[in-house]
Amino acid sequence: MSTTTPEITATDTRLDVEAIRRDFPILHQQVHGHPLVYLDSAATTQKPQCVIDAVVRYYREHNSNVHRGVHWLSEQATEDYEQARRTVQRFLGAADTREIVFVRGCTEAINLVAHSWGRSNLQAGDEILVSHMEHHSNIVPWQLLCEQTGAVLKVAPIDDDGALIFEQFERLVGDRTRLVAMVHVSNALGTINPVERVIERARAVGAKVLLDGAQATAHLKIDVQALGCDFYCLSGHKLYGPTGIGVLYGRRDLFEAMPPYQGGGDMIKSVSFEKTTWNDLPYKFEAGTPNIAGPIGLAEAIRYVEAIGLDRIAAHERDLLQYGTKLLEAVDGLRLIGTAPSKAGVLGFVLDDVHAHDVGTILDRQGVAIRTGHHCAQPVMERFGIPATARASLGVYNRREDLDVLAEALREVIDVFR
Ligand code: 7TS
């Protein structure tokens, strides 16, 4: 399968953003008579042509079911699918392909751990510790689990900048803590959590650690072995890949001991009415015909970001974040929500007297796409005493000009409401 290398020169440490933008066909259109300014990559990233091509190529040339047929097409599809697993394994720094399970996204990954690991490992009185900045998908599955097992959900607080208060987190980790489930990068605030220290503290009491990497993998280099986490999850669509595909990484010894999540085809070794036995890892957790085009597109997306270099993407986005922060701070009546010292990719804010939805709607008329609302992080909104924020979020294809357009459009919003 061919890889599209973005047009950048090896000696150039800065990104040629215009060349990168040419890889993303969707960006080159007008919205409401204005050039599209896409600032909603935290919701989903746009897809480069090479990812679109990889998905189309699979359907045109190799479409077949995997792990089943003896025929050529099925062998090709299986090889593409398993090659994608090897790409993800390398990308995350996992030791073994058996530790890489394809799921729909972070939501399904966390539910898998809650159902399978949680129900077989937790008892009444055990504690699960999350932070106050979690996405609902890293809260609700644990609440359901607590209802079923009698376990207790504890919440580590955050400060006025939206950073984890580490001393209080440390104090909440105790003998009853079985799991720390924490977001790596917050979608509502942009905060990068000190995950190394979180893992160290959790391990000291023998607790397992799940990291929600939904907002991390497009911005930071991840190495699950160096981190030493037990579970790590990502969503392909936030990493320039297709929707409907994500990854759950889990340490092999934990995965081996965990019961299946869903039953059906492919996850069994043998079935009889007397006794059914499970397939080997990772197939034990992949019941039914999987999303096959998804991993193929995701692997192509990984090759795409790796060809640019995550370090360079991070440096580029850091520059944009600093630039955008200064611009927004200068907008009269604007308050940034999420000002932690360590941040990635997100500029959340409120405007005096203007509801976030009105901000979003007026910006849309100028061709500027942002997200408004609670961002599936209602506890964050409650912590800051606001119903909603407007959120501009960054991707590799954004330029300083995009933020100039945003700031200018915000001034017009204020004029409309004054
Ligand atoms: N965790 C975090 C931190 C997220 O930002 C999201 C999605 C999820 C989990 C769930 O991922 P999914 O792919 O399974 O849906 N966040 C957002 C967002 O910020 N705007 O739209 C979706």
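**View 1. R371 and the ligand in the predicted model.** A polar side-chain atom of R371 lies 2.5 Å from a nitrogen atom of the ligand, a polar contact being a pair of N or O atoms within 3.5 Å (within protein, one must be able to donate a hydrogen and the other to accept it, and residues adjacent in sequence count only if both atoms are side-chain atoms). The ligand on its own exposes 490 Å², and the protein buries 87% of that; accessible areas come from the Shrake-Rupley method with a 1.4 Å probe, and for residues only the protein chains shown count as cover. Residues are numbered from 1 along each chain as its sequence is written, and side-chain values use heavy atoms, with hydrogens and water left out. The model is predicted: local features need pLDDT of at least 70, side-chain atom pairs count only at pLDDT 80 or more, and totals for chains, interfaces and linings use all residues.

View 2. D212 places a polar side-chain atom 2.5 Å from a nitrogen atom of the ligand.

**View 3. The shell around the ligand.** The ligand is surrounded by 17 residues, the closest being T107, D212, S235, R371 and R391; a residue counts as near if one of its heavy atoms lies within 4 Å. The shell comprises five nonpolar, eight polar and four charged residues. Here Ala, Val, Leu, Ile, Met, Phe, Trp, Tyr, Cys and Pro count as nonpolar, Asp, Glu, Lys and Arg as charged, and the others, Gly among them, as polar.

**View 4. Contact between domain 1 and domain 2.** Domain 1 spans 53-306 and domain 2 spans 309-417, with bounds from an automatic or database domain assignment. The contact takes 29 residues from each of domain 1 and domain 2 (heavy atoms within 4.5 Å). About 2,400 Å² is buried between them, 58% of it from carbon and sulfur atoms; buried area is the accessible area (1.4 Å probe) lost on putting two parts together, summed over both.

**View 5. The D160 and R383 salt bridge.** Between domain 1 and domain 2 there is one salt bridge (a side-chain nitrogen of Lys or Arg within 4 Å of a carboxyl oxygen of Asp or Glu). In the salt bridge of D160 with R383, the closest N and O atoms are 2.8 Å apart.
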